[in-house]
Amino acid sequence: MANPLKCDLCVQPATVHLTQIVNNKIHKVDLCEACAQAKGVTDPSGFSLADLLLKSSLNPEPTGDIRCESCGFTQQDFKKTGRFGCPSCYNFFGSFLEPMLDTMHNGIAHTGKIPQRAQERKTIDERLNQLETDLNLAIKAERYEDAARFRDELSQARQTAGPKPL
Amino acid sequence: MKINELIDSHSELTDTSSNRSAVVLMTRIRLARNLRKHPFPGWAKDAQKREIREQCMQAVAALPQMKRGLAIPVESLDELQKQILVERHLISRELCHSKTGSGIIINKDQSCVVMVNEEDHLRIQVLRVGFQFKKVWATINTLDSDLEEHLDYAFSPKLGYLSACPTNLGTGMRASAMMHLPALVISAQMEKVVRAVGQLGMVVRGLFGEGSDASGSIFQISNQTTLGESEEQIIKHLHGVLTTIVDQELNARAKLLETDPKKIYDKIGRAYGILQNGYLLNSGEAMNLLSLIRLGIDLGVYADTQRGLIDRLFIECQPGHVQHAAKGAFEPGQRDVLRAERLRTEFAKMPPPDFSNTTN
């Protein structure tokens with residue numbers, strides 16, 4: 001390995017490499033000797049990697065101050081309330097969220113319902129935009145037969161698109 | 001519809017003559033949904049919350065399913081009205097404590113409710129009497145899809161529907177059944193059931209959810225996790241667990257009747273005597289007595305036609321309903337008198353138990 005691994009909790013080179021299977025999933029941590037001592041990794045009887053992952057991620061010191069750029073919510077706020085500030089928080093807190101999700105849920109990826117109509121709406125909107133552009137181009141170029149066709153297609157597409165959101 | 005009209009009209013839960021289910025009282029599914037560009041209710045400023053409420057309530061109230069229902073800001077309800085809605089399992093205690101910017105939309109038969117700005121922007125809930133997951137899921141799925149046409153939901157392809165609390169990520173779905181398990185309680189097997197259910201990834205709670213006690217031997221059992229499985233898989237899994245619990249309860253009943261029938265007859269008979277003649281009944285005791293009468297109905301001791309009445313009394317003997325019926329605010333001691341009075345009147349009309357043809 002060209003670059004020696006750094007400790008997950010500080011910047012020292014990692015000399016303790018630990019792999020543990022928790023809930024059928026492999027977790028790896030790399031620690032420097034001092035951090036390994038401090039976290040009790042060298043004492044096999046009382047050590048759980050899951051605890052370490054959870055604690056280190058909930059502990060604001062090592063990872064600093066994650067802050068949601070959209071709503072200003074911080075990791076400290078999460079520690080206090082157990083809830084996030086806004087949907088965008090999930091983009092900023094991802095790294096420390098994932099180990100938590102693993103213990104909290106039956107997996108870490110969504111396999112259920114997808115807001116279908118939102119997707120359809122997106123496709124329909126894209127098609128409407130395309131037809132409008134085509135129509136304008138045809139009018140400019142005085143291709144009136146094409147323009148008439150685009151106009152008909154557009155009105156038909158608008159009908160199937162149904163009511164616009166409130 | 002006005003709040004008082006709603007409280008006094010027939011509801012899905014208090015008009016349960018259609019319930020033929022011996023063990024499962026009610027099926028309920030709720031979905032947590034949020035708007036994409038707004039902070040969650042716990043972090044939003046009051047003005048933002050009001051803006052979110054306006055947008056959500058307008059969209060929800062416009063749905064054909066919610067027509068001629070009630071749509072009201074929480075702050076315009078008094079404490080007693082809120083308590084009644086909690087007792088009917090329509091809104092949560094958390095929503096009652098909301099100071100500003102929250103709202104409620106309830107449909108006419110009180111089977112669909114949307115809470116606005118509770119923990120999430122939207123908590124959509126559908127409930128039905130009996131064991132009906134298929135029907136409840138179909139209803140709520142349509143409601144959710146229709147609503148989504150008008151609202152821009154916060155959704156991530158990887159994490160699913162984004163919720164204020166990471167425990168609701170993914171499907172945002174909590175499916176639950178309210179179960180009446182008197183024989184498992186009497187035969188001291190509930191602890192074992194709670195443990196087993198927990199190992200299967202489900203949670204057992206009391207009648208009014210988190211932290212409530214299990215008076216009346218009524219328990220709510222629901223899925224714990226929301227991410228990693230589809231809605232159908234979660235429901236199928238839960239359905240399997242619940243079916244097993246129903247079987248366990250029926251077995252426990254058979255066993256009680258086989259080993260010590262006099263003990264169970266005594267309990268059922270005494271419950272009738274106290275309900276007919278008591279003058280002071282707190283809600284916990286009333287629930288436990290009603291639970292025994294309901295068990296009696298299942299065993300053929302009382303007529304099956306009484307089931308609707310008992311299921312209604314489970315709700316109407318709660319403190320909020322007792323005060324509403326007496327048109328005023330009353331101290332717990334006075335409520336116990338009023339509750340006993342109501343139950344005496346109802347049970348004076350009920351034919352005495354007949355233990356000659358018990359079935360299970």
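B:Ala188 is exposed, because 9 other C-beta atoms lie within 10 Å, where a residue counts as buried if 20 or more other C-beta atoms lie within 10 Å of its own, as exposed if 12 or fewer do, and as partly exposed in between, with C-beta atoms placed from the backbone. B:Ala188 belongs to the loop between helix H6 (182–186) and helix H7 (190–199) of chain B, where helices (H or I, at least four residues) and strands (E, at least two) are DSSP runs numbered from the N terminus. The phi of B:Ala188 is near 55°, a positive value in a residue other than glycine. Most residues other than glycine have a negative phi.

The model is predicted, so that local features need pLDDT of at least 70 and side-chain atom pairs count only at pLDDT 80 or more, while totals for chains, interfaces and linings use all residues. Residues are numbered from 1 along each chain as its sequence is written, and chains are lettered from A and ligands numbered from 1 in the order in which they are written.

A positive phi, of about 55°, is also found at B:Arg68, which is not a glycine. B:Arg68 sits in the loop between helix H2 (46–61) and strand S2 (70–73) of chain B, and it counts as exposed because it has 7 C-beta neighbours inside 10 Å.

B:Asn117 is likewise a loop residue, placed between strand S4 (112–116) and strand S5 (122–129) of chain B, but B:Asn117 is buried, with 27 other C-beta atoms within 10 Å. Not counting residues up to four places away in sequence, B:Asn117 touches B:Pro41, B:Lys49, B:Ile52, B:Arg53, B:Ser98, B:Gly101, B:Ser102 and B:Gly103, a contact being a pair of residues whose C-beta atoms, placed from the backbone, lie within 7 Å. Between B:Asn117 and B:Ile104, which are 13 residues apart in sequence, the C-alpha to C-alpha distance is 9.1 Å.

At the level of domains, chain B is divided into domain 1 (3–253) and domain 2 (260–348), with bounds that come from an automatic or database domain assignment. The centres of domain 1 and domain 2 of chain B, taken over C-alpha atoms, are separated by 26 Å. To the contact between them, domain 1 of chain B gives 18 residues and domain 2 of chain B gives 23 residues. On the side of domain 1 of chain B that touches domain 2 of chain B, helix H3 (residues 79–87) of chain B gives the most, with 4 residues.

The largest nonpolar core has 114 residues, of which A:Phe84, B:Val113, B:Val114, B:Met179, B:Ile221, B:Leu290 and B:Ile293 touch the most other members; such a core is a set of buried Ala, Val, Leu, Ile, Met, Phe, Trp, Tyr and Cys residues joined through C-beta atoms within 7 Å. Because domain 1 (3–253) and domain 2 (260–348) of chain B both give residues to this core, it lies between them. Apart from it lies another core, of 8 residues, among them A:Cys7, A:Leu9, A:Val29 and A:Cys35. For B:Met179, the residues touched are B:Val23, B:Val24, B:Leu25, B:Phe219, B:Ile221 and B:Ile245, not counting residues up to four places away in sequence.

Turning to helix packing, two packed helices are described by the angle between their axes and the distance between the axes. Helix H10 (residues 283–298) and helix H11 (residues 307–316) of chain B pack at an angle of about 160°, with their axes 10 Å apart, where axes are lines fitted to C-alpha atoms, for helices over the stretch in contact, and angles run from 0 to 180 degrees between N-to-C directions. H10(B) and H11(B) are therefore roughly antiparallel to each other, since angles under 35 degrees count as roughly parallel, over 145 as roughly antiparallel, 65 to 115 as roughly perpendicular and the rest as oblique. In this packing, B:Met287, B:Leu290, B:Ile293, B:Arg294 and B:Ile297 of H10(B) meet B:Arg307, B:Ile310, B:Leu313 and B:Phe314 of H11(B).

H9(B) and H10(B) pack at an angle of about 125°, with their axes 9 Å apart, and are therefore oblique to each other. B:Ala271, found in helix H9 (residues 261–277) of chain B, counts as buried with 22 C-beta neighbours inside 10 Å, and touches B:Leu289, B:Leu292 and B:Ile293, not counting residues up to four places away in sequence.

Key
Two residues are in contact if their C-beta atoms, placed from the backbone, lie within 7 Å.
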